[in-house]
Amino acid sequence: MTPSLDAAVGLPPAVASALRRVVGSAWLLTDPAACTAYACDGLTSWRARPLAVVLPQTTDETQQVVRVLAASRIPFVARGAGTGLSGGALPRADGVVVGLSRMRAILGVHLQDERVTVEPGVTNQAVTLAVTAAGYRYAPDPSSQQVCTIGGNLAENSGGAHCLKLGFTTHHVTGATLVLADGEIVRLGGRALDPPGFDLLGAVVGSEGTLGIVTEVVLRVVPRPAAVATLVAAFDQAAAAGAAVSAIIARGVIPAALEMMDRTALEAIEAAAHPDYPPGDAVLLIELDGPPGRCAEEAALVAACCRAAGATACRLAADGEEASRFWRGRKAAFAAMGRISPHYYVQDGVVPRTRLPEVLAAIRQLEAEHGLRVANVFHAGDGNLHPLVLFDGSRPEQRRRAEVVATRILDACLAVGGSLTGEHGIGRDKLCQMPKQFSVADQMVMHRLRAAFDPQGLCNPGKVLPTPRLCGEGPGVYRPHPAERAQVAERW
Amino acid sequence: MVSTATEIGQVLRRAAGAPAVRPGTAPDRVAGVRPLWVVRPPGIDEVAAALAAATSHGWAVVPRGSGGGLDWGPAPHRCDVLLDLTGLDGVLEHVAGDLVVTARAGMTVAALQQAVGTPAARQRLMVDAHGRPSATLGGLVATAAAGPRRHGYGTPRDLLLGARFVLADGTVARTGGRVVKNVAGYDLCKLLVGSRGTLAVVVEVTLKLHPDPAHHALVVVDGVSAAALPGLVTAIRRAPAVVTAAQALWPERQLVLRVEGSREATIAEAGALARELGGRVLTEALGARCWSRLLRRPWERPGAVVGVAVPPGRAGELAERLGELEGSASLSAGLGVGTVRVADDPAALDRLRGAVEQIGGWCRAYRVSPGGFERVATRPEPGVLRLMANLRGQLDPSGTLSPGRLGWGLP
């Protein structure tokens, strides 16, 4: 038998038995094969097998688990469904995963207050389903909404196609129970707004699981709109579609959703989902909602903006069925890429809306320079790009070029005053790019914020904030991580 | 470190430039505490230099904007330097197509509205700022000041996209950005909003704007009973109308709704809303008077003004208790938040807090006499207080900024 590193640096037996006493032996996984299933999240290029996976069922159990781990200074990462795309739930080889999948009860539906109280393992879609019959919905709708959990949504401040008008997770969470890294339980906010003291909840949402473990969440739900109008508009050039986006926003219309697909994306989408979009090099999918009269008025205004920007066709869905067909195309986009490329790299960056045309042009330029195709399908209304860099993974040199193109796209976003990420998070993946967006002083303040919550640095360490150990002294220099050298973590 | 007032003045003149420094006078008092010196820096560098000097000497600094909310909450333990930020004025960048503006923190809301509301841009920062157009942008952030249109547009928390700030030790840093969607790094904007100048001095803000609606109309419903309020709120939330304010006024028992949009949509929706709720649409002239009264209302008479928040469905219960509390209220009915005015005496403040907490809500002190703060403001739970103290300790370990202004024994 090969000497196992798990044996060498494994979970101390006293810790294992303490954890078993808390959750019961069925809910502590130490078997390497079982732990391997938790080695990565949706970004599979970063992997590390944790020492153990512990699955508490209550806030109390979570508190006790954290106390046991903190006493032995064992780092831990909370995990929901593992659909994140930035390696935010990547474990450490010397750490433990605290899985929240057993905490999936909807604790209360309070329609008079427009609130739903849930445990963190409840899926995003389950929240909407719990209030659909009453005419409400939970607004954030990340594309993984059928499986992704509220705990993960809170950690990442998730958005989705419909956050243009109604905001992100941070606008829809009014309360949370937080287990701090030393095991203290803090209740932040509740069903009422404006809780006393600093807006700690605002800092916790989007902190990528580095400030504590959330074990209960109070969400805001909103009434469904009275009417919805769905349009598609086709353009000869992606830049013209980008200009139409700015024009729509500038005319004072805030659509419920404003999505864009370029030629490469459309090629895959048409093959896979047959949404029957009008032909063009770029298509905008626009959803408007509100009172019926206003919806119709805005639809006319949007159509006029598209035509003025050079749309070759503009079609209003005649009924709900046609509207769902339009959406089916957009929703199938990522999966459809398999039709035109064996592999793709999903990038996530943000630009000011008015800079969309020039950034799209820069992406075209990068395609030509590096001989790779990039499919763009993204939330154009808020300037959130999701370029998919297509490559053939069986050719390592193509994979490397794809990484270069993905990084250069982010550089182009930052060059026009944008951001490294609009919804996927920094996680492990973009850790070492943080200095491109934030100065040393900016990062120092973030380190201090983290220290106020978790002075020992046990809660999801090695995420969000770069350290010399993880990123090297200077930007861009790759050095093998000690865990990589010890072959307990791999970099793909 | 002990310094005489003269020594402090000399150091400040060197740091911020002689013209920026003057002795503190009676009108400069902060909740009764008179500052030794007032510094009005012309730029960020001078803010940083003054703060660095103060921290290295152990002096206390209280930042201020227009002063509208300066006396709210507990008095500072000390105030060696009053840092007047109104010298940091002006728009730095307004990209109309992005609906985003970056401005210096000492600019007033009124000046910003003028700058972004040009006939070409027709945009607006959608905060009512407690009806004080003289409020500065930094003051909005520090106090989280909102107003009736919070119903439709949220608070400064929802509109602040990024900020540049100076820590007590003079470090200049930034958080957030200039884009409307951004999850890179921690969102310190949320912590700065409502932190009352205790974490950092905000010097620049990037704010989300909205298109200034071409038209608006007010609908008034009279004779609203507390028991009927939840039902009315549900009807408003589901009505086919874009309602941007839904303010319940007590004891008038009146509901004031604001509908905004194009002329055609506004007229149609306001009419339909009035019919459904048994209300009336005000004429433009009456509407303008009603709106400006609504904004001034909590502040125009003497008494303690207290911010309240309850679970939204229980706003009616709060309204019901107002009679016995002898208070008047202006509540954003759909959100369960608003202001209550009661007599500024211990018994009235105790009763109000008791009533609000009993129905699952909490109070914060706005205009309350010194000593009234801890009576009426809901005490954060111990874990929250500990995290607040930790944050203060991390960002301002010397306790330079607004010491004591958070209350609850915090530094």
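**Close-up 1. Strand β11 of chain A and its pairing partners.** In this predicted model, strand β9 (residues 173–179) of chain A is joined to β11(A) by six bridges, and the two run antiparallel. Strands (E, at least two residues) and helices (H or I, at least four) are DSSP runs, numbered from the N terminus, and two strands pair if DSSP finds at least two bridges between them. The partner of A:V173 in β11(A) is A:L219. Strand β7 (residues 115–118) of chain A is also antiparallel to β11(A), with four bridges between them; here A:V116 has A:L219 as its bridge partner. Strand β11 (residues 213–220) of chain A is mostly covered, eight of its eight residues being buried. A residue counts as buried if 20 or more other C-beta atoms, placed from the backbone, lie within 10 Å of its own. The model is predicted, and local features need pLDDT of at least 70, side-chain atom pairs count only at pLDDT 80 or more, and totals for chains, interfaces and linings use all residues. Residues are numbered from 1 along each chain as its sequence is written, while chains are lettered from A and ligands numbered from 1 in the order in which they are written.

**Close-up 2. An open sheet of chain A.** Four strands of chain A lie in the order β1-β3-β5-β4, with mixed pairing. At the edges are β1 (28–29) and β4 (76–79), each of which pairs on one side only. β4(A) runs parallel to strand β5 (residues 96–99) of chain A, and four bridges join them. A:G99 in β5(A) stands opposite A:R79.

**Close-up 3. The nonpolar cores.** A nonpolar core is a set of buried Ala, Val, Leu, Ile, Met, Phe, Trp, Tyr and Cys residues joined through C-beta atoms within 7 Å. The largest has 239 residues; among those with the most contacts inside it are A:A233, A:A244, A:L284 and B:V81. Helix α9 (residues 238–250) of chain A gives this core its largest share, nine residues. Neighbours within four places in sequence aside, A:A244 is in contact (C-beta atoms, placed from the backbone, within 7 Å) with A:A233, A:L284, A:C305, A:C306, A:A309 and A:A311. A second, separate core of 60 residues includes B:L218 and B:V368.

Close-up 4. Helix α11 (residues 292–308) of chain A packs against helix α9 (residues 263–277) of chain B at about 170°, the axes being 9 Å apart. Axes are lines fitted to C-alpha atoms over the stretch in contact, and angles run from 0 to 180 degrees between N-to-C directions. The two helices are therefore roughly antiparallel, a term for angles over 145 degrees. A:G293, A:R294 and A:E297 meet B:E264, B:A265 and B:A268 in this contact.

Note on methods:
Parallel < 35°, antiparallel > 145°, perpendicular 65-115°, else oblique. Contact = placed C-beta atoms within 7 Å. Buried ≥ 20, exposed ≤ 12 C-beta atoms within 10 Å, placed from the backbone.
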